[in-house]
Amino acid sequence: MTAAVTHGVPVGGHESGPASKRVIVAYGFWIFLLSDIVMFSAIFATYAVLSRATAGGPSGTDLFSQGTVAIETSCLLASSFLCGMMSMAVSRGDYRGTYIGGASTFLLGAAFLALEIREFAGMVAQGATPERSAFLSAFFTLVGCHGAHVAVGLAWLIVMMALVRSKGFRPNIRRRLACFSLFWHALDIIWVALFTIVYLMGMHK
Amino acid sequence: MDRAPGDDTTVGEDEAHASDLRPYLIGLLLAVVLTATSFWAANTSVLWPPGVPIGLVVLAIAQMGVHLVFFLHITSGPDNTNNVLALAFGVLIVALIVIGSLWIMSNLSGISLLP
């Protein structure tokens, strides 16, 4: 009691006990996301160091299409926004809104992934494979790792929609939906760094 | 009481409050403006070319901040201290890895280590 007073904490009638499970789960997932971002930072650093090591092969200026990147960016940003709409529907307990939000989040995420796969296939068809140069190894590692995260997120979203359908908005389902939306927003944050450093800076000479 | 990352200000402990649309709309608007500015800056010939990458980095950091505040609802309030401290530690490690790698490797490329 005296310790709390000396630290300037008001000792009122309500002592704040341990945080609710919802807060603890989301906080733990937040720590996981930050560690994922630290892992991405190592791949970003590798890419930044190797981005000029083209070994006489194609460089970013030859390979990247700004139109594709602009559409991919719009898809992911809109998907992140609609994921926010889905979270709002979940907190209202609105099934219809959750399904509509989840479906539109999924479609835009899938469109992003399809564009990225098409871009990769086009590059491989031109002979710009990961083994061509250190630049391309780093490029496919970085962009592919983000794409793999998006693919995992899409699978997770399908599972969550099935769980909402079969179990409803139970507290544990709500917690998982909250973790999913954190994951999806974090992927968009990583994409902001990615399109700036890889594509815009790679094409700017 | 601590607030979970991702919760906005209107979400109470009973989890039943409807949350507010406005932060998402403001975030979307700011993100669109910042992204469009980035694409414009990368293509325009109006700006001094060597300064453009620095501008792009600043715009990207600004947009990440917008996403954190308006989509992930990270605030500076006392109920968010744990979330902000974890984020600050993450940012420190990311900065050490990225700036440290670039610094060391650019220094090494100035010294020929291989015969």
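This is a predicted model: local features need pLDDT of at least 70, side-chain atom pairs count only at pLDDT 80 or more; totals for chains, interfaces and linings use all residues.

Visitor: How many residues does the contact take from chain B and from chain A?

Guide: One begins with the residues on either side. Here chain B supplies 52 residues and chain A supplies 43 residues. The area buried between the two chains is about 4100 Å², and carbon and sulfur atoms give 77% of that area.

Visitor: Which elements give two or more residues to the side of chain B that touches chain A?

Guide: In chain B these are helix H1 (22-43), helix H2 (52-71) and helix H3 (81-109). H3(B) gives the most, with 12 residues. By residue class, that side of chain B divides into 33 nonpolar, 13 polar and six charged.

Visitor: How many salt bridges and how many residue pairs in polar contact does the rule find across the interface?

Guide: One counts each kind of pair separately. For chain B and chain A the rule finds zero salt bridges, and two residue pairs in polar contact, both at pLDDT 80 or more.

Visitor: What span does H3(B) reach from its first C-alpha to its last?

Guide: One compares the span with the expected value. H3(B) has 29 residues and reaches 42 Å, close to the 42 Å expected at 1.5 Å a residue.

Visitor: Which residues of H3(B) are buried, and what covers them?

Guide: The buried residues of H3(B) are B:Asn83, B:Ala86, B:Leu87 and B:Gly90. Their cover includes helix H2 (21-50) of chain A together with H2 of chain B.

Notes
Residues are numbered from 1 along each chain as its sequence is written. Chains are lettered from A and ligands numbered from 1 in the order in which they are written. Side-chain values use heavy atoms; hydrogens and water are left out. Contact means heavy atoms within 4.5 Å. Buried area is the accessible area (1.4 Å probe) that two parts lose on being put together, summed over both. A salt bridge is a side-chain nitrogen of Lys or Arg within 4 Å of a carboxyl oxygen of Asp or Glu. A polar contact is a pair of N or O atoms within 3.5 Å; within protein, one must be able to donate a hydrogen and the other to accept it, and residues adjacent in sequence count only if both atoms are side-chain atoms. Helices (H or I, at least four residues) and strands (E, at least two) are DSSP runs, numbered from the N terminus. Ala, Val, Leu, Ile, Met, Phe, Trp, Tyr, Cys and Pro count as nonpolar, Asp, Glu, Lys and Arg as charged, and the others, Gly among them, as polar. The expected span of a helix is 1.5 Å times one less than its number of residues. Buried means under 20% relative accessible area, exposed over 50%, partly exposed in between (1.4 Å probe, protein chains only).
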